[in-house]
Structures are given as structure tokens and as C-alpha cells.
Amino acid sequence: MQDLVGPALGTLALVAAGGYLLGSIPFGVILTRVVTGEDVRAIGSGNIGATNVLRTGRKDLAIATLILDAGKGAVALLIARELFDSEVAGAIAGGAAFLGHLFPVWLGFKGGKGVATFFGLLLAAAWPLGLLAGATWLIVAALFRISSLAALVSSAAAPLYALLPLAALGLPAPAPILVLAAFTAALIWVRHHQNIGRLLKGAEPRIGAGKA
């Protein structure tokens, strides 16, 4: 019963604030500025995530950004879930970290699109769900070489995976995790509205494109 209602509202507010501040750390901006002296926001799409960091020509920085952006969502969720023994607290912390990445206070609330953080959250929340969504991303990316398309397809599929295949395997995702997956997937689609427009026009850049 405690896991369904979660900790007190005041505690959840603190959990959300902590998750948001952790998610707000702009690792892509920090790494590219420290290592190359460049501002990743002035390159390519202007995004602060790993795909745009790759356009600097530094694969190592792109990989580091991917890991750190995924990790901050996972860490927020795992710490909250462990401290309060509550899926509700974990989902709130993870969702707040996701919002922090999208709307970081340190960058005037202009952040990334949340794909890496999304996968980090799923892996931490329910690893079979994360693996299924990640495999979907890899398949779509390998077939079409378009990161945004892979993100859109895999994020849309994640809540369905939680409802159907995992349940069929006897590994159903807890309700708070299902809500988290649907909430973050919806925000990914909103944040990719420009990409969707370019996809429809056949003008979306492909993975590995150089500096713009």
C-alpha cells in the first residue's frame, strides 16, 4: 500500500527538486566547452545531446555525453527508489530529472530532447523495458541512419512494450513506471516537432553528419 501512495507530498517535492537539479546538468555543453573550447549549441542542430556533440567530430565526447545524460536520469530514479522503497518516488525523481534535461535552469530552460536520459530511466526502472526500447532504437537507426526517427519509434514503442511483451513474460512494469514511460515518450515527441517536420520533407540529417 505504501508503494502505491508513496512518501508524503513534502518529501516527494524534495525528491522532484533533487531530480530536476541533477537532470539539469548540461554534460554536452560542459564537455565540449572544456575539451574543445567550442559551444555545442552553435554547432549543427544546436542541441546539447550526444547526437549533436558527435557533429564536433569528437566521438569520445559524444559517447561520454550519452553515458552521462543517461546516467543522471538513472541515478535520480535509483536513489529515490532506494531511499524511500517506493516506485512512486523513483518515477517522480526520474521524471523530474528528465524535465531538468529538457528545461535546465542553468541554460535558461533551453535544453536537450531527452533521448539518452529516457533510455537511462527505462534501464534503471525496468531493465527488460530499457533493453527492448534500446534494441528498437538500434534497429531503426541501423536501417535508416536517422537518430530522430529511431528516437520517435523507440519512445512510442516503450509504453506498449511495458503493457504487452513484458506482461506476457511475467515481468510487468509497475504502474508508476508505465506512467513515466508514457509521460517521457510524449515529451520526446513534443521536443522533436521540428525533426518530424524535416522527416516529412526528407530533409532530416543522418547519423554521422559533420559540422554545420
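Okay, one definition before we start: a residue is called buried under 20% relative accessible area, exposed over 50%, and partly exposed in between. Keep in mind that this is a predicted model.

Val-105 has 34% relative accessibility, so it counts as partly exposed. Together with Leu-21, Phe-103, Trp-106 and Phe-109, Val-105 forms a nonpolar patch on the surface, and the accessible area of the patch is about 490 Å².

Now the inside. The largest nonpolar core has 27 residues, and Leu-77, Phe-98 and Phe-118 are among those with the most contacts inside it. Helices α5, α6, α7, α8, α9 and α11 each supply at least two residues of this core, and the largest share, seven residues, comes from α7. If you click on Leu-77, you'll see that its contacts include Gly-90, Leu-121 and Leu-180. Apart from this core there's another one, of eight residues, including Leu-12 and Val-88.

Okay, charges. Side chains of opposite charge can pair when their charged atoms come close. How many salt bridges does a search of the whole structure find? Six. Take Lys-72 and Asp-69, at 3.4 Å from N to O. These two are three residues apart in helix α5, so about one helical turn separates them, and both are buried.

Another bridge joins Arg-198 and Glu-204, with the closest N and O atoms 2.6 Å apart. Here Arg-198 is partly exposed, because its relative accessibility is 27%, whereas Glu-204, at 11%, counts as buried. And finally, Arg-33, Asp-39 and Arg-41 are linked in a salt-bridge network.

Methods: Residues numbered from 1 in each chain as written. Predicted model: local features only at pLDDT ≥ 70, side-chain atom pairs only at ≥ 80, totals over all residues. Heavy atoms only, no water. Core = buried A, V, L, I, M, F, W, Y, C linked by side-chain atoms within 4.5 Å. Buried < 20%, exposed > 50% of the residue type's maximum accessible area, 1.4 Å probe, protein only. Helix = DSSP H or I, 4+ residues; strand = E, 2+ residues; numbered from the N terminus. Contact = heavy atoms within 4.5 Å. Patch = residues over 30% accessible without salt bridge, like charges linked within 9 Å, V, L, I, M, F, W, Y side chains within 5 Å. Areas by Shrake-Rupley, 256 points an atom, 1.4 Å probe, with all protein chains shown as cover. Salt bridge = Lys/Arg side-chain N within 4 Å of Asp/Glu carboxyl O. Lists of a residue's contacts leave out its neighbours within four places in sequence.
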